[in-house]
Amino acid sequence: PNTSPDEVRQRLGQFSDQVVDFGRAVDVLQSIIVYGMHEGFRQADKELRNEVLIILTMLAQFPCAVGYFLNSGLFHLLVTYACIEEAGSEAWDGFCQDLGKFRNFATVADIDLEFKKELWFILSELLRSNDPIALEVVASSPLQATLLQYMEHDSFDPLKKTEHVAAEQFNFSVSMNASRDDTMLSKSLVEDKKTLADSKKPRRLTAAIVSASMSASGMQSRGIVKKSFISQLPLSKLREFQLLAVAFLLHNAPRMLATF
C-alpha cells in the first residue's frame, strides 16, 4: 500500500533511537563542519563538508532529530551559515560567535553554492517537525529576509548593461528607422558630447559631497556586503536560488507566522 511521508516519519520515530546514536552522531558531524568553516579552504575539505550535510539531512528526517540539533547548537550553526554572507554578521545577535573564514564558505564557487542549498534544505526538513523552538529561531533570524532579497534581483535583466551595450542597442534602433530618425540622432550626438564634456569637468568638493561620500563608505563597510554576494551569482544560479527561496518560504513561512 502507498505510504505517505508523514506515516514514514512516524514509523521511523518509533525505533529511531535503536537505529542511530543521535547525540554522538550530531556531535561528531558538527565538529567536522566547524573545522571546515575555519580551516577547510581546499576542494577536498569542502567536498567532505558537503557530504556531512547530506548525512545530517538524512538524520533530520527522524522526528526526534530536531531536539539533538537544538541542544548541541548545530541548529543555530546551520541558520548562521545559511544567511550570514547576505545579511551581514551584525544583522542578528543570534549568529554563532565563532565564525569561520568567509573564503571557506561564502564564495560563488559551485561547491559553496551547493553547501548553501543543502543548508536551506536541511533547515526546511527540520522545520517539518513543527518544533516551536526551531520555528522561533528561524523566525527571529534574518533568514526569511535573506530569501526575500533573492526575489529583489531580476535574474533576466540584472541591470548590468554597460554603456557600450546600451550604445549598440541605440544604434541598432536608429538603423531600423534611419530615414525617420536622422535628425534625432544628430541632436542626440550633440547632447551626448556636451554631457561628456561636462562630466569631465572637475567637480568642486562641498561639505555635502564629502558627507555623502563618507556615509556611502560607511554603508559599504557595514552592510553593502549583504547584497554583493547575490549580485555576483551567475544568472542561472540566481534563478535556481530564487526557486529554492520561494519553495522554502511557501512551505515554512506559514509555520513561522504561527509563532508570533
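Let's start with Glu240: at a relative accessible area of 28%, Glu240 is partly exposed. On this scale, buried is under 20% relative accessible area, exposed is over 50%, and partly exposed lies in between, using a 1.4 Å probe and protein chains only.

Some ground rules. This is a predicted model, where local features need pLDDT of at least 70, side-chain atom pairs count only at pLDDT 80 or more, and totals for chains, interfaces and linings use all residues. Residues are numbered from 1 along each chain as its sequence is written, and side-chain values use heavy atoms, with hydrogens and water left out.

Now the partner of Glu240. Glu240 forms a salt bridge with Lys117, with the closest N and O atoms 2.6 Å apart. A salt bridge here is a side-chain nitrogen of Lys or Arg within 4 Å of a carboxyl oxygen of Asp or Glu. This pair links distant parts of the chain: Lys117 sits in helix 6, Glu240 in helix 13 (residues 235–257), and they are 123 residues apart. Helices are DSSP runs of H or I, at least four residues, numbered from the N terminus.

Lys117 has another bridge. Its partner is Glu114, with the closest N and O atoms at 2.8 Å. Lys117 and Glu114 are 3 residues apart in helix 6 (residues 110–127), so about one helical turn separates them. Lys117 is buried because its relative accessible area is 15%. Glu114, at 34%, is partly exposed.

Zoom out. Asp110, Glu114, Lys117, Lys237 and Glu240 are linked in a network of salt bridges. The structure holds 10 salt bridges.

One of them involves Asp45 and Arg42, with the closest N and O atoms 3.0 Å apart. Asp45 counts as buried at 13% relative accessibility. Arg42 counts as partly exposed at 48%.

Last topic: helix packing. Helix 5 (residues 74–87) and helix 8 (residues 143–152) have axes that come within 9 Å and cross at roughly 55 degrees.

Who touches whom? Ala82, Cys83, Glu86 and Ala87 in helix 5 meet Leu143, Thr146, Gln149 and Tyr150 in helix 8. Contact means heavy atoms within 4.5 Å. By class, this contact has 5 nonpolar, 2 polar and 1 charged residues. Charged means Asp, Glu, Lys and Arg; nonpolar means Ala, Val, Leu, Ile, Met, Phe, Trp, Tyr, Cys and Pro; the others, Gly among them, are polar.

Notes:
Axes fitted to C-alpha atoms, helices over the stretch in contact; angles between N-to-C directions. Helix = DSSP H or I, 4+ residues; strand = E, 2+ residues; numbered from the N terminus.
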